[in-house]
Amino acid sequence: MLTGPDPATASDAVREYLGRRAAELLTDPGYPAWCLEMTGPVAADASAARRLREWTLLRAVTLDEPWEADALLAASDWLQLRTAEESSAVIALAVLAEGGRTRRIRNTARSRLTGA
């Protein structure tokens with residue numbers, strides 16, 4: 001699909017698929033195998049590859065698996081905001097409250113942190 005006549009549309013479609021499927025599998029034990037299966041096909045599209053990496057980081061935060069604060073701070077606004085809005089991981093919220101990319105991300109994380 002990524003080699004079609006309209007690369008931008010193809011990239012959007014792939015990211016849409018990744019988002020739907022990753023959300024379904026986020027806490028499922030099948031996620032790692034699915035992610036590995038997707039790594040090759042999305043490698044040619046930097047945007048899709050980044051989104052897949054970010055879903056994997058979100059999974060690590062969600063499941064309290066090892067993850068790096070620098071990776072969360074380097075992540076896109078999409079991931080930072082999603083984490084700030086939805087995560088219950090106190091460490092991730094603290095990282096974003098202090099160093100999130102935008103004021104909205106920082107304020108959302110702070111608000112959730114004080115409510116957590």
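The buried residues of helix 5 pack against helix 3, helix 4, helix 6 and helix 7. Those buried residues are L79, Q80, L81, T83 and A84. Here buried means under 20% relative accessible area, exposed means over 50%, and partly exposed lies in between, with a 1.4 Å probe and protein chains only. Contact means heavy atoms within 4.5 Å. Helices (H or I, at least four residues) and strands (E, at least two) are DSSP runs, numbered from the N terminus.

This is a predicted model: local features need pLDDT of at least 70, side-chain atom pairs count only at pLDDT 80 or more, and totals for chains, interfaces and linings use all residues. Residues are numbered from 1 along each chain as its sequence is written, and side-chain values use heavy atoms, with hydrogens and water left out.

T83 belongs to helix 5. T83 has a relative accessible area of 1%, so it is buried. Leaving aside residues up to four places away in sequence, T83 touches L58, V61, L72, A92, L93, L96 and R112.

Helix 6 spans residues 90–99, and its buried residues are A92, L93, V95, L96 and A97. Their cover includes helix 3, helix 4 (69–74), helix 5 (77–86) and helix 7 (103–115).

Next, a helix pair. Two packed helices are described by the angle between their axes and the distance between the axes. The axes of helix 2 and helix 3 (residues 46–62) come within 9 Å and cross at roughly 165 degrees. Axes are lines fitted to C-alpha atoms, for helices over the stretch in contact, and angles run from 0 to 180 degrees between N-to-C directions. Helix 2 and helix 3 are therefore roughly antiparallel. That term applies over 145 degrees; under 35 is roughly parallel, 65 to 115 roughly perpendicular and the rest oblique. On the helix 2 side, the contact is made by Y31, P32, W34, C35, M38, T39 and V42. Helix 3 contributes A48, A49, L52, W55, T56 and R59.

Now the aromatic rings. Rings of Phe, Tyr and Trp (its six-membered ring) pair if their centres lie within 6.5 Å; planes under 30 degrees apart count as stacked, over 60 as edge-to-face and the rest as tilted. This rule gives three aromatic pairs. In one of them, the rings of Y17 and W34 have centres 6.5 Å apart and planes at 55 degrees, so the pair is tilted. Y17 lies in helix 1 (residues 7–25) and W34 in helix 2 (residues 31–42), so the pair ties together parts that are 17 residues apart in sequence. Y17, Y31 and W34 form one aromatic cluster.

Elsewhere, R51 lies over the face of W78, 4.0 Å from the ring centre. A charge sits over a ring if NZ of Lys or CZ of Arg is within 6 Å of the ring centre and within 35 degrees of the ring normal.

How accessible are some of these residues, and two others?

| Residue | Relative accessible area | Class |
|---|---|---|
| Y17 | 33% | partly exposed |
| W34 | 7% | buried |
| A46 | 63% | exposed |
| D64 | 68% | exposed |

A46 is in helix 3. Its C-alpha atom is separated by 9.2 Å from that of S11, 35 residues apart along the chain. D64 sits in the loop between helix 3 and helix 4. Phi of D64 is near 55 degrees, a positive value in a residue other than glycine.
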